[in-house]
Amino acid sequence: MWNGKGENGLSIFFPSPFLGDDDSLLDTPDFGRLAAWRSIAARWLGRESEALDEEGAGFRKSGH
C-alpha cells in the first residue's frame with residue numbers, strides 16, 4: 001500500500017508482551033504474545049527467535 005508520494009502507507013503492529021488486549025500494563029510479561037512476530041520473522045526475514053526477545057523489562061522498572 002503506497003500513498004501519492006510513493007511512500008509506504010501501511011504499518012503493522014504486533015502484540016506487545018507487556019500490554020494486555022485492553023492496552024493495560026501486564027503484571028507479568030506474556031511472551032507468548034510474540035508468536036505472530038516470531039512466525040513472520042522466521043518465514044519472511046529468515047530470523048529465528050533469540051533470547052533478546054525476552055530480556056526486556058517492559059514499561060515498568062523492575063522492583064516496582
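Q: Why is D23 called exposed?
A: D23 has a relative accessibility of 61%, and exposed means over 50%, buried under 20%, and partly exposed in between, with a 1.4 Å probe and protein chains only as cover; D23 therefore counts as exposed. The model is a predicted one, in which local features need pLDDT of at least 70 and side-chain atom pairs count only at pLDDT 80 or more, while totals for chains, interfaces and linings use all residues. Residues are numbered from 1 along each chain as its sequence is written, and side-chain values use heavy atoms, with hydrogens and water left out.

Q: What else can be said of the backbone at D23, and where does D23 lie?
A: The phi angle of D23 is near 65°, which is a positive value in a residue other than glycine. D23 is placed in the segment before α1, and α1 covers residues 35-45.

Q: How many helices and strands does the chain have?
A: There are 1 helix and 0 strands in the chain, where helices are DSSP runs of H or I with at least four residues and strands are runs of E with at least two, numbered from the N terminus.

Q: Why do M1 and K5 count as exposed?
A: M1 has a relative accessible area of 66%, so M1 is exposed, and K5, at 70% relative accessibility, therefore counts as exposed as well. Both belong to the segment before α1.

Q: What makes M1 part of a nonpolar patch?
A: M1 forms this surface patch together with L10, I12, F14, I40, W44 and L45, and their accessible area together is about 800 Å². Like charges are joined within 9 Å, and nonpolar side chains (Val, Leu, Ile, Met, Phe, Trp, Tyr) within 5 Å. The areas themselves come from the Shrake-Rupley method with a 1.4 Å probe, and for residues only the protein chains shown count as cover.

Q: How do you know that R33 and S16 make a polar contact?
A: The side chain of R33 reaches the backbone oxygen of S16 at 2.8 Å, and a polar contact is a pair of N or O atoms within 3.5 Å; within protein, one must be able to donate a hydrogen and the other to accept it, and residues adjacent in sequence count only if both atoms are side-chain atoms. A polar side-chain atom of S16 also lies 3.1 Å from the backbone nitrogen of F18.

Q: Which residues is S16 in contact with, neighbours within four places in sequence aside?
A: Contact means heavy atoms within 4.5 Å, and with those neighbours left aside S16 is in contact with R33 and F59.

Conventions
Patch = residues over 30% accessible without salt bridge, like charges linked within 9 Å, V, L, I, M, F, W, Y side chains within 5 Å. Salt bridge = Lys/Arg side-chain N within 4 Å of Asp/Glu carboxyl O.
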